Amino acid sequence: MTTPISDVFDAINQGSVVVVGTSDTHAISPTDEDRLRTLIRETDRLARSDAPGDAPPLCLRSACWAAQTMHFLCRTLLDRIDVATELPADLAANRPSGTSASEHWSVDLVLRVLADIDRRCAGANQLDPLRTTIRELAARWPLSAIGIQTDLSPKSMSVVLSHPTLRRILVDRIVARGDADRANLPCVADEIAAATPTKIPQL
């Protein structure tokens, strides 16, 4: 039986375990999409209430794409032989442009656990080819990239840094995760130093 994408997303939010089979598909049924949209709206409401300022509007299409992508990553973690590790063509073709703050906020509602997925891959095999796909995703989505060693897209970083709330989330996450490389980036170093001067030596 196929594991619904909404179940995977719900399990991530709840910190619980769900078994995703290697035969599962990232395709989404109308019923699953309806439930997923409900879960995303609730996640957005909770994240928005905790955000440092006014978060960008929710883009459901972007968040649903991120949920399908996360489902693919979880499924691929189980099988490195029979399952390709590259992002499927339909997901690659339909990925959000990353040119709006709304897209970055919405994708991060799901992909904020991307660094955990990367650590899981590295724990089993530092050279796991799935890590290449994860790094490519991280490069496009800076908020979800903290803790992952990859170059960030300058255009995506510009979008995040231009929005006060996303910029604050980025800075807070860099400090919380001790990402020294990102802390030293010229575009964020001054803000980190001004906001959290006592924490810089720990990075």
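Tutor: Let's start with a term: buried means under 20% relative accessible area, exposed means over 50%, and partly exposed is in between, using a 1.4 Å probe and protein chains only. This is a predicted model, where local features need pLDDT of at least 70, side-chain atom pairs count only at pLDDT 80 or more, and totals for chains, interfaces and linings use all residues. Residues are numbered from 1 along each chain as its sequence is written, and side-chain values use heavy atoms, with hydrogens and water left out.

Student: Okay, why is R182 called buried or exposed?

Tutor: R182 has 6% relative accessibility, and the cut-off for buried is under 20%, so R182 counts as buried.

Student: What is R182 in contact with?

Tutor: Contact means heavy atoms within 4.5 Å. Leaving aside neighbours within four places in sequence, the partners of R182 include A145, I148, L152 and V188. R182 itself sits in helix α11, residues 180–183; helices here are DSSP runs of H or I with at least four residues, numbered from the N terminus.

Student: What lies 3.0 Å from a polar atom of the R182 side chain?

Tutor: That's the backbone oxygen of A145.

Student: What makes a nonpolar core, and which element gives the most to the largest one?

Tutor: A core is a set of buried Ala, Val, Leu, Ile, Met, Phe, Trp, Tyr and Cys residues joined through side-chain atoms within 4.5 Å. The largest has 53 residues, and W65, M70 and I134 are among those with the most contacts inside it. Helix α3 gives the most to this core, with ten residues.

Student: Why is the pair of W65 and W141 called tilted?

Tutor: Rings of Phe, Tyr and Trp (its six-membered ring) pair if their centres lie within 6.5 Å; planes under 30 degrees apart count as stacked, over 60 as edge-to-face and the rest as tilted. W65 and W141 are 6.1 Å centre to centre with 50° between the planes, which makes a tilted pair.

Student: Where do the two partners sit?

Tutor: W65 is in helix α3 and W141 in the loop between α7 (130–140) and α8 (142–145), 76 residues apart. W65 is buried at 3%, and W141 counts as buried at 3% too.

Definitions and conventions: Helix = DSSP H or I, 4+ residues; strand = E, 2+ residues; numbered from the N terminus. Polar contact = N/O pair within 3.5 Å; in protein donor to acceptor, adjacent residues only side chain to side chain.
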